[in-house]
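I opened the model today to go through its cross-links, its charged pairs and its surface. My notes follow in the order I looked things up.

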Amino acid sequence: MANLEAYQEYQRIEDFEEDSPPGEEDLLVHVPEGLKDSWHHIKNLDNFFTRIYHFHQKNGFSCMMLSEFFELVQFLFVVTFTTFLFNCVEYDVLFANRAVNHTGPGQNPLDRNKVSLPDAILPSQQCTERIQENSWILFLLIMAAIFWIYRLVKVFCNTLSYWEIRQFYIKALKIRMDDLCNFTWQEVQDRLISLQREQQMCIHKKELTELDIYHRILRFKNYMVAMVNKSLLPVQLQLPLLGNLVFLTQGLKYNFELILFWGPGSLFQNKWNLHPKYKRAGNRLELAQKLSRVILLMGLANLLLCPFILVWQVLYAFFSYTEVIRREPGSLGARRWSLYGRLYLRHFNELDHELHGRLGRGYKPTSKYMNSFSSPLLAVLAKNVAFFSGSVLAVLIALTVYDEDVLTVQHILTAITVLGVVVTVTRSFIPDEHMVWCPEQLLQCVLAHIHYMPDHWRGTANKSETRDEVAQLLQYKAVFILEELLSPIVTPFILIFILRNRSLEIIDFFRNFTVEVVGVGDICSFAQMDIRRHGNPMWMSEGQTEASVYQQAENGKTELSLMHFTIKNPRWQPPQESSVFISHLKEKVHHDAQTGPPAQLLLSEAPLCASLLSNDSASAPDNLLASVLAHPVLTASGLPGRDRRFLPPSTAASAAASVLASLSGSQLPHAGRSRSHVHLASTNPDGPMYRSDRTFIDSMSASDSRVHNTPLLTEFASAEMSLHAIYMHEVHQQSALPQRASGQWQNLVPMKDLNTTTGAHAVSLSMPTPLRLGGWTEEEEEDEGEEEINSGSTPKEDAKSSC
């Protein structure tokens with residue numbers, strides 16, 4: 001009976017063929033008589049909430065429409081300018097291979113052979129004739145025109161749709177456009193939830209929760225995160241000579257989503273319902289064959305369109321990056337989070353702006369860790385190449401300063417540009433001889449922000465294998481550009497020869513991991529963050545989960561996602577099983593805090609810890625995190641100079657527990673002189689999870705008196721999640737050690753119907769196995785535009801340093 005009550009929201013509703021769950025087509029947004037408008041009869045809540053979110057994140061109607069307009073202009077410019085360059089320029093005249101004689105009265109004889117830019121441009125009539133005579137150019141222009149018209153119609157529809165969203169913000173949410181930038185998404189979300197109580201946007205549920213809104217916005221993204229977590233998508237390729245490579249591009253990701261979610265042969269009959277036939281196990285083989293045919297047709301279509309897509313990719317890359325490379329050659333050596341990294345590191349139910357902020361905070365420590373590796377042989381070669389190239393470049397620059405006519409010499413400007421690029425690139429391979437970094441400590445700092453780290457990284461931070469796996473998450477921009485250029489060629493082969501072979505596993509995955517929630521529709525069951533159904537006993541879920549190894553999320557994804565969502569949405573009331581897990585975690589934190597270092601000691605060491613970790617910021621949240629990360633090192637080294645004979649040996653887990661437990665105390669110890677306490681009311685939606693009489697020390701530095709500000713409160717919430725990630729990983733490592741010592745590794749459950757692996761028997765199967773990056777692999781299986789988080793990074797670290 002208890003289980004029935006706990007899973008009321010999982011009960012299936014009847015299948016309907018309409019575009020929305022029963023009743024939603026009649027009334028999704030009820031507006032009082034005085035506020036009736038065109039958005040009172042919306043049939044698609046997924047699209048509605050997604051547009052509300054995008055409207056907020058993209059700063060309103062004007063910014064969105066201006067961006068759409070310039071995308072159209074940009075495409076038109078690339079096509080027109082490329083056609084002009086290929087057909088309307090006389091390159092023999094431009095390169096002075098053919099003489100041009102200007103004659104006329106009053107013409108200076110010295111200027112008769114000079115070539116001007118108009119001399120190299122053909123007359124419009126001759127240019128038009130060239131275009132008309134080339135059938136390939138005409139065909140490509142027709143294809144480009146069709147695509148541009150399609151984009152124009154889409155922009156027009158978006159304009160109408162987002163104008164309605166603008167009206168909804170003003171009339172229903174009472175948010176003026178000039179105040180939109182002052183509202184956080186949590187505040188907009190709170191107004192949506194309040195509006196549901198008054199106007200019943202969703203008629204199937206009287207109360208709309210934060211999780212319901214996240215499910216609507218992230219329905220398909222949660223499926224993608226789960227498939228990457230379970231190593232179902234073929235993004236890891238084992239190639240001869242090259243070894244294990246991760247390949248996931250925008251084009252490949254687009255094809256995955258087209259095949260699975262919203263294409264003509266997709267598994268979903270609409271935006272929120274999986275087709276009923278995929279929910280039954282009886283015809284799984286037939287459905288797998290059908291999916292295989294869809295994938296084959298999609299692969300052949302990609303192969304047919306490969307030349308056109310490749311031409312566009314090359315042109316777009318040329319116009320986008322050539323000037324940047326000329327101006328900043330080192331930009332290709334900068335790093336960015338890969339598409340695979342964004343999916344691998346993403347929590348269930350984590351919105352784009354939350355992921356963007358978290359990975360943005362983790363960019364610097366991850367770059368420092370990557371730059372701490374260098375090849376001595378490559379460094380020697382780079383130094384000598386930089387010396388020779390720099391010497392020649394210096395001479396050429398000196399000659400041009402002496403006489404600017406040197407620039408008129410053929411290819412002299414090209415030589416200067418190329419040599420400048422070579423010098424810049426080679427210097428990026430030369431490490432800074434004065435900087436020393438500790439790989440293990442840096443990797444721990446990386447974990448604090450990215451929240452996920454395979455077990456085999458622990459203790460191997462100084463090995464090149466670990467560095468290569470981190471590079472799969474944070475890749476060079478040059479690698480990103482190269483992958484995007486190769487994507488039109490590689491994508492068809494991945495679809496035809498790899499993804500097709502996993503058709504049956506994909507069918508089983510969607511049947512086994514899809515639940516129907518009243519008022520929401522079909523969602524990925526992992527997105528429910530259900531500890532009982534998808535918890536891992538090695539991640540503090542022992543005794544609370546009935547999941548088999550196949551049902552468990554890898555790398556503690558369920559537990560960490562639950563903690564992240566709870567901290568980001570403190571007003572959300574989790575289900576009973578999740579509440580029990582959170583209470584158990586809190587009790588264990590308080591228990592471990594009793595054996596950890598005093599919070600006063602940690603806080604007093606915060607500025608020193610931040611300097612040891614080379615943290616540029618000095619805010620209170622960063623200092624809290626830095627004190628936990630560096631305290632075990634300080635304890636082991638005897639720093640700072642005080643008597644530690646009576647202090648127990650501490651680890652990162654005990655230090656994190658001490659700080660977390662202090663957040664729930666009536667007062668935090670003073671961190672030093674002139675420190676003041678600021679009480680955060682328990683009703684504050686941006687506060688931490690431990691909010692019973694909680695207080696914070698707001699002055700780790702003199703500039704941190706802004707703790708009242710919402711951005712700083714958000715930073716405290718992020719720091720709290722980072723502390724939880726460190727603590728949970730440490731506890732997981734401690735619980736995994738006995739299993740590793742005894743060698744009790746269990747085989748994984750093959751892809752099949754879950755009805756045979758539930759109940760008490762499933763608990764005995766939930767032993768962990770050593771995992772590679774990307775999660776555990778099954779016996780039958782291997783492993784908005786998005787926003788780019790990218791900033792420059794200069795290598796400053798010495799190679800293979802150790803603390």
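I count a disulfide when two cysteine sulfur atoms lie within 2.5 Å. This is a predicted model, so I asked for pLDDT of at least 70 for local features and 80 or more for side-chain atom pairs, while totals for chains, interfaces and linings use all residues. Residues are numbered from 1 along each chain as its sequence is written, and side-chain values use heavy atoms, with hydrogens and water left out.

**Entry 1: cysteines**

I searched for disulfides and found one. Cys88 pairs with Cys127, the sulfur atoms being 1.6 Å apart. Cys88 sits in the loop between helix 3 (61-87) and helix 4 (91-94), and Cys127 is in helix 5 (residues 124-133), so the bond ties together parts 39 residues apart in sequence. I take helices (H or I, at least four residues) and strands (E, at least two) as DSSP runs, numbered from the N terminus.

Are the two partners, Cys88 and Cys127, buried or exposed? Both are buried. My cut-offs are under 20% relative accessible area for buried, over 50% for exposed, and partly exposed in between (1.4 Å probe, protein chains only).

I then checked Cys63, which is in no disulfide. The nearest cysteine sulfur to Cys63 belongs to Cys181, 9.5 Å away. Cys63 counts as partly exposed because its relative accessible area is 38%. Cys524 is at 0% relative accessibility, so I noted Cys524 as buried.

**Entry 2: salt bridges**

Next I listed salt bridges (a side-chain nitrogen of Lys or Arg within 4 Å of a carboxyl oxygen of Asp or Glu). The structure holds 21 of them.

Asp46 and Arg216 meet at 2.8 Å, N to O. Asp46 is in helix 2 (residues 45-57) and Arg216 in helix 8 (residues 210-217), so this pair ties together parts 170 residues apart in sequence. Asp46 is buried, because its relative accessibility is 6%. Arg216 is buried too, at 3%. I also found a network of salt bridges that links Asp46, Arg216 and Arg219.

Arg130 bridges to Glu90, with the closest N and O atoms 3.5 Å apart. Arg130 lies in helix 5 and Glu90 in the loop between helix 3 and helix 4, so parts 40 residues apart in sequence are tied together. Arg130 is partly exposed at 31% relative accessible area. Glu90 is buried at 14%.

Glu546 and Arg532 meet at 3.1 Å, N to O. Glu546 is in the loop between helix 20 (531-534) and helix 21 (557-568), while Arg532 is in helix 20, 14 residues apart. Which of these is buried? Arg532 is, because its relative accessibility is 18%. Glu546 is partly exposed at 33%.

**Entry 3: the nonpolar patch**

I turned to the surface. Which residues form a nonpolar patch there? They are Leu297, Leu300, Leu303, Leu482, Leu486, Ile489, Phe493 and Phe497, with about 760 Å² of accessible area together. Patch members need over 30% relative accessible area and no salt bridge; nonpolar side chains (Val, Leu, Ile, Met, Phe, Trp, Tyr) are joined within 5 Å, like charges within 9 Å. Areas come from the Shrake-Rupley method with a 1.4 Å probe, and for residues only the protein chains shown count as cover.

Helix 11 (284-327) and helix 18 (477-499) each supply at least two residues. Helix 18 gives the most, with five. I checked Leu300, which is in helix 11. Leu300 is partly exposed, at 43% relative accessible area.

**Entry 4: two more residues**

Ser654 is in helix 26 (residues 652-662). Ser654 is buried because its relative accessibility is 9%. What does Ser654 touch, leaving aside neighbours within four places in sequence? Ser654 is in contact (heavy atoms within 4.5 Å) with Asp592, Gly596 and Pro597.

Glu577 is in helix 22 (residues 576-593) and is buried at 17%.

**Entry 5: totals**

I counted 28 helices and nine strands. Of the 803 residues, 51% are buried. The accessible surface is about 37600 Å², and 60% of that belongs to carbon and sulfur atoms.
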